[in-house]
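Please give me a short briefing on this protein. I am new to it and want the main points by topic.

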Amino acid sequence: MGTGSGSRKLLEGRLMGMDGHGRKLGGTVERFLMELSDAELLALDLDQFCTNREGPEPCEGNDDHTSSRSTEACCTSQGTADATCSGNEQSSNQPSGSEHESDPLSEGSSTKRRKRDGRIPLERFGRKHLSVTDLSRQAWCEQQVVYGMELPHIQQLREEVPVVKAGSSIHLARELEVHGIVPINVESREDSWAVKILNLLSMIQFLQAGERVRELPVFGEMEGIFLVGVIDELRYNSNGELELCELKTRGQRTYPSAAQRKSHHLQVSVYKLLFEAMMKGQLNKDTITHHLHLRTEHPFGSEVMVYAQNMGFTINTFGDLLDLMLLNLTYSEIPNVDTMKIEYCYQADASVIGTEVVCFEEEWIKSELKHYCSFWKGQREAKGVDIEEAWKCRSCDFGDICEWRKSKAEEAAQNNRANQSK
């Protein structure tokens with residue numbers, strides 16, 4: 001995908017593709033896009049939609065990295081920036097080639113296949129890290145997340161999605177109030193992460209000066225898994241308190257359902273945890289390179305070097321940049337997030353539907369994190385929706401093949417027969 005206004009034209013509308021078995025695959029993707037903030041859409045541009053059609057991603061320690069170039073977006077004006085990957089660089093979230101070689105539905109039930117595969121889900125789906133969006137989607141339906149990864153047709157549809165206008169244009173207008181956007185060509189995964197980190201360093205300076213920033217990258221390890229996200233906006237209110245603000249665009253002039261709002265609350269709460277851990281200097285260099293498979297001695301591409309020099313940084317390798325980032329984070333004087341807000345806007349005319357203040361419940365969010373991450377670590381099987389939320393299944397593209405739904409239907413039928421026999 002392109003940068004600037006082009007990079008904001010992402011993933012909207014109903015995708016009316018068909019899977020290999022004649023079923024329409026649209027509703028899941030449509031709801032997925034509807035419930036994402038525009039910041040998360042940009043994060044997905046980096047974490048979900050980059051593929052390497054020429055070959056596998058270079059491994060850590062392999063100097064023969066791909067020669068194809070991709071593009072990162074950085075910002076002008078105040079110097080703040082957001083990183084958006086496109087081109088041929090492969091995402092760490094792209095499933096491995098073996099996931100695409102055969103039709104997964106032709107090899108028996110997905111449960112049996114998972115049991116035959118001894119790898120944990122994080123490895124089975126070729127993930128180095130998770131996005132905060134992954135967790136928020138789990139809060140809607142975990143089983144749906146699994147089917148979306150097991151069926152390669154979903155990924156193919158996402159790679160061929162139509163250009164988006166609604167929602168993204170609202171977000172872009174707000175972003176341009178703070179800074180402009182210019183492209184930077186990157187030549188490796190280290191380059192992509194370098195631009196992200198340079199953007200973060202720039203934003204730290206402006207937060208320390210009491211100014212607002214947008215598209216602030218956050219990342220870190222929680223429950224043994226590396227999480228990555230993008231905060232829509234950080235700003236100070238009239239009392240000098242730091243506010244975390246998330247923009248959600250809606251196709252209807254209404255607030256979302258309670259189930260949808262739960263996933264939104266999870267999202268902003270995880271952002272708060274990640275951001276504050278970073279500002280407290282809790283990031284670890286070895287943790288970053290281990291999870292992301294990045295090479296500390298790898299030199300930067302020419303445009304990344306120029307970008308760093310223009311920001312006043314003298315760095316030669318990715319390891320140098322990590323040391324610089326950790327030093328800045330350790331000595332930053334940025335306060336904790338006092339308030340979390342979610343603003344809902346109507347896509348048709350950009351009017352504000354309303355703003356919800358989210359209460360941070362530390363015990364709840366840590367319990368949720370532990371639960372959702374336990375699936376990725378192979379400590380439990382995926383869980384579908386409870387019977388009270390079976391209404392979600394009516395609009396799910398995987399309803400016809402969902403083993404969880406079938407098992408719950410059989411369980412309900414058995415209970416009915418047992419009650420009738422009494």
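## Briefing

Helix H7 is mostly covered, as nine of its nine residues are buried. Buried means under 20% relative accessible area, exposed means over 50%, and partly exposed lies in between (1.4 Å probe, protein chains only). This is a predicted model, in which local features need pLDDT of at least 70, side-chain atom pairs count only at pLDDT 80 or more, and totals for chains, interfaces and linings use all residues. Residues are numbered from 1 along each chain as its sequence is written, and side-chain values use heavy atoms, with hydrogens and water left out.

**Overall build**

- The protein has 16 helices and ten strands. Helices (H or I, at least four residues) and strands (E, at least two) are DSSP runs, numbered from the N terminus.
- Of the 422 residues in the protein, 57% are buried.
- The accessible surface of the protein comes to about 18,000 Å². Carbon and sulfur atoms account for 47% of that surface. Accessible areas come from the Shrake-Rupley method with a 1.4 Å probe; for residues, only the protein chains shown count as cover.
- Among contacts in the protein with a separation of 6 or more, 76% join residues 24 or more positions apart. Contact means heavy atoms within 4.5 Å.

**Helix H7 and its partner H15**

- H7 spans residues 142-150. Its buried residues are Glu142, Gln143, Gln144, Val145, Val146, Tyr147, Gly148, Met149 and Glu150.
- H7 and H15 pack at an angle of about 30°, and their axes are 12 Å apart. Axes are lines fitted to C-alpha atoms, for helices over the stretch in contact, and angles run from 0 to 180 degrees between N-to-C directions.
- The two helices, H7 and H15, are therefore roughly parallel. Angles under 35 degrees count as roughly parallel, over 145 as roughly antiparallel, 65 to 115 as roughly perpendicular and the rest as oblique.
- H7 passes H15 in a right-handed crossing. A crossing is right-handed if the near helix is turned clockwise from the far one by less than a right angle, and left-handed if anticlockwise.
- From H7, Glu142, Val145, Val146 and Met149 meet Tyr372, Phe375 and Trp376 of H15.
- Tyr147 is found in H7. At 4% relative accessibility, Tyr147 is buried. Its C-alpha atom is separated by 9.6 Å from that of Asp397, 250 residues away along the chain.

**Helices H10 and H13**

- The axes of H10 (residues 189-208) and H13 (residues 302-310) come within 10 Å and cross at roughly 15°. That makes H10 roughly parallel to H13.
- The H10 and H13 crossing is left-handed. On the H10 side, Asp191, Ala194, Val195, Leu198 and Asn199 make the contact; on the H13 side, Val304, Tyr307 and Ala308 do.

**Salt bridges**

- The structure holds 17 salt bridges. A salt bridge is a side-chain nitrogen of Lys or Arg within 4 Å of a carboxyl oxygen of Asp or Glu.
- Lys341 and Glu243 form one of them (3.3 Å, N to O). Lys341 lies in strand E9 (residues 337-346) and Glu243 in strand E8 (residues 242-250), so the pair ties together parts 98 residues apart in sequence. Glu243 is buried, at 6% relative accessible area.
- A network of salt bridges links Arg212, Arg214, Asp232, Glu233, Arg235, Glu243 and Lys341.
- Asp349 and Arg253 also meet in a salt bridge (3.4 Å, N to O). Asp349 sits in the loop between E9 and strand E10 (352-358), and Arg253 in the loop between E8 and helix H11 (258-279), 96 residues apart. Asp349 is partly exposed at 42%, and Arg253 is partly exposed at 49%.
- Glu362 and Lys366 pair at 2.8 Å, N to O, in a salt bridge. Both lie in H15 (residues 362-376), four residues apart, about one turn of the helix. Glu362 is partly exposed, at 41% relative accessible area.

**Positive phi values**

- Most residues other than glycine have a negative phi.
- Glu215 is not a glycine, yet has a positive phi of about 60°. Glu215 is found in strand E6 (residues 213-222) and is buried at 2% relative accessibility.
- Ala350 has a positive phi near 65°. Ala350 lies in the loop between E9 and E10 and is partly exposed, with a relative accessible area of 36%.
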